[in-house]
Amino acid sequence: MKSTSLSLIVGAVALAAVTGFAALTAPGDGGTAEAGAAARLPVERSSLLCPAPSMSDLAETTYSSFTPAGENGGEAGAADLEPAEPLPTDEDAPAGEDADEKDADKKADKEKAAASKPVISLKDLGKPGTAETAKSDAPALVGTATGKFAPGWTTQQTTTTAAGGARGLLGVSCTAPDTDFWFPGASTGASRQDYVHLTNPDDTAAVADIELYGADGPLKSDVGEGITVPARSSVPMLISTLTGEAAENVTVHVTTRTGRVGAVVSAAEDEVGSDWLAASADPAGTQVMPGIPADATSVRLVAFAPGEDDADVKIQLLGKNAAFSPAGNATLHIKSRMTASVDLKDVTRGEPGSLKLSPADGSTTPVVAALRVVRGTGAKQEVAFIPATEAVGERASVADNRAKGSVLSLTAPEATAEVKVTASAGSEAGEATVKTYTVKGGTTLEVTPEAPAGLKGGYALTVETESGGPVHAARTLTIPEGGVDMFTVQTLPDDGGTVEVPAAEQDLSVLDD
């Protein structure tokens, strides 16, 4: 009988075992990869975590979940987001109950839990699913997408708070669980109330550490170590309670000793507004922060060098027509393990832009970075944050776009690039539209997306790099409220919808003599 080569199968199985994501397609079973060659396969499982949205009675939150249509991981699958609440166990029953009472209580608890799940369930590829809540005690959400819904799955959480100390438009792309997060741009100052939200998606407890770094180095903290995050639960930590030192610009570092968590920072600033601060891209020598609005009245860069070496970085604004260094701020020296900041004021001067940091001395000392951006003046100020982000890569999506108020920023920090932008079908009605844009190297292109024809509800945007690049992208969502243009900015890093499966070095052929 003929021999069957298992080299590709072994490589794929090994990767799938480590990541839990790779879809396995074997030669002879419909796979197209040749033995001995690497292949890209769709992921078959994705996880997302959304933080508890707000404690304000005035808050209204919308969830929008989306998976782009395309070559996905299978015919079956699901994508559900559920409250981050532990399921009841036998140990939860009151002492003294007999077996029948325990069974009845357990059944009632499970029925109650099942009735509240899922908060949102995605039904179709290429069409957002949505849900809303006005509860001030709305929980964090944990979710999993499988099969055809896993590749590129994204969920946007958008909260509108019309008044009060947490006034603002708070938007965040729900995050994947991980073990290491950097948040430059937080604060322990008197005018800020910043919380780190830690959400554990798993059935066992996670243990996390939170380190804080100010302008002079680490901030002393006796309570930031060994924070237990119970199974399927979320823990918000007020950053200012972790240290006795007040610092206007702080870098927060979250790591886990055991388990994994989703982490994001909620930032509320007196008389300025509030928004979510998402994690910076991993430390790297070059960082890009796309999507600074043209009418920004104040832009502050916050950067941090986590290694043993200082970093000297060149600051460039990638504007509408060219790249240039802001006057008086061409470079920034970042001391090792000390948070550096610089106020760039109204650096965009009426034109959209993006900020690029690159080594100024030829070195590649890694840094993390984020921008605090303010629009408006006086009582009509509103704040948002733009963390450094990875490139769009093959594909990236952002959900919860409206008929009005969505703006897409595309920047090509190196070479000219061509990108395809798809506005999905509407959540209630509307047909998808597709447009192609050319982004000149060293510039930022701001576009108002062409909404789906006959749009009802919201829609998602998907950006794909067709040629050139790399391209970095961000979506700004603006909603007027009480005379204030409340806004939030979400970046679009590569969605990780496929994974490369290398061929095994050893050819384990099965021979039947």
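Start by selecting T62, which sits in strand β3 (residues 59-66). Helices (H or I, at least four residues) and strands (E, at least two) are DSSP runs, numbered from the N terminus. Show the residues around T62: leaving aside neighbours within four places in sequence, T62 is in contact with A131, E132, Q156, Q157, T158 and D400. Contact here means heavy atoms within 4.5 Å. T62 is buried, with a relative accessible area of 17%. Buried means under 20% relative accessible area, exposed over 50%, and partly exposed in between (1.4 Å probe, protein chains only).

This is a predicted model, in which local features need pLDDT of at least 70 and side-chain atom pairs count only at pLDDT 80 or more, while totals for chains, interfaces and linings use all residues. Residues are numbered from 1 along each chain as its sequence is written, and side-chain values use heavy atoms, with hydrogens and water left out.

**The whole chain**

Zoom out and colour by secondary structure. The chain comes to 2 helices and 38 strands. Of its 513 residues, 50% count as buried. Among contacts between residues at least 6 apart in sequence, 81% join residues at least 24 apart.

**Salt bridges**

Side chains of opposite charge can pair when their charged atoms come close. A salt bridge is a side-chain nitrogen of Lys or Arg within 4 Å of a carboxyl oxygen of Asp or Glu. By this rule the count comes to 14 salt bridges.

Select E82 and R232. They form a salt bridge, and their closest N and O atoms are 3.4 Å apart. E82 lies in strand β4 (residues 79-83) and R232 in the loop between β14 (227-229) and β15 (233-238), so the pair ties together parts that are 150 residues apart in sequence. E82 counts as partly exposed, at 24% relative accessibility, whereas R232 is buried, at 13%.

Next, select D202 and R260. This salt bridge has its closest N and O atoms 3.0 Å apart. The pair links distant parts of the chain, 58 residues apart: D202 is in the loop between β11 (192-200) and β12 (206-214), and R260 is in the loop between β16 (250-258) and β17 (262-269). D202 is partly exposed, with a relative accessible area of 21%; R260 is partly exposed too, with 28%.

Then move to D295 and R375, whose side chains meet in a salt bridge (2.9 Å, N to O). Here the linked parts of the chain are 80 residues apart, with D295 in the loop between β19 (287-292) and β20 (296-304) and R375 in strand β26 (residues 368-375). D295 is partly exposed, with a relative accessible area of 39%, and R375 is buried, with 12%.

Finish this stop with R40, E394 and E500, which are linked in a network of salt bridges.

**An exposed loop residue**

Select E308, in the loop between β20 and β21 (311-318). At 70% relative accessibility, E308 counts as exposed.

**The nonpolar cores**

In soluble globular proteins, nonpolar side chains tend to be buried together. A nonpolar core is a set of buried Ala, Val, Leu, Ile, Met, Phe, Trp, Tyr and Cys residues joined through side-chain atoms within 4.5 Å. Select F183, V196, L198, I210, L212, V252 and V254: of the 30 residues in the largest nonpolar core, these touch the most other members. Strand β12 gives the most to this core, with 4 residues.

Now centre on V196. Not counting residues up to four places away in sequence, V196 touches I210, V235, P236, M237, I239, V252, V254, V264 and V265. A second, separate core of 29 residues includes L301, A303, I334 and V373.

**The largest pocket**

Last, select C174, T175, A176, P493 and D494. Of the 47 residues that line the largest pocket, these are the closest to its centre. On a 1 Å grid over the protein atoms alone, a pocket is an open set of points where a 1.4 Å probe fits, with protein on both sides within 12 Å along at least five of seven lines; lining residues have an atom within 4 Å of a point. The largest pocket has a volume of about 1,400 Å³, a volume being the space filled by probe spheres set on the points, which are joined across faces, edges and corners.

Strands that each supply at least two residues of the lining include β9 (168-173), β10 (180-186) and β37 (484-491). The largest share, 4 residues, comes from β2.
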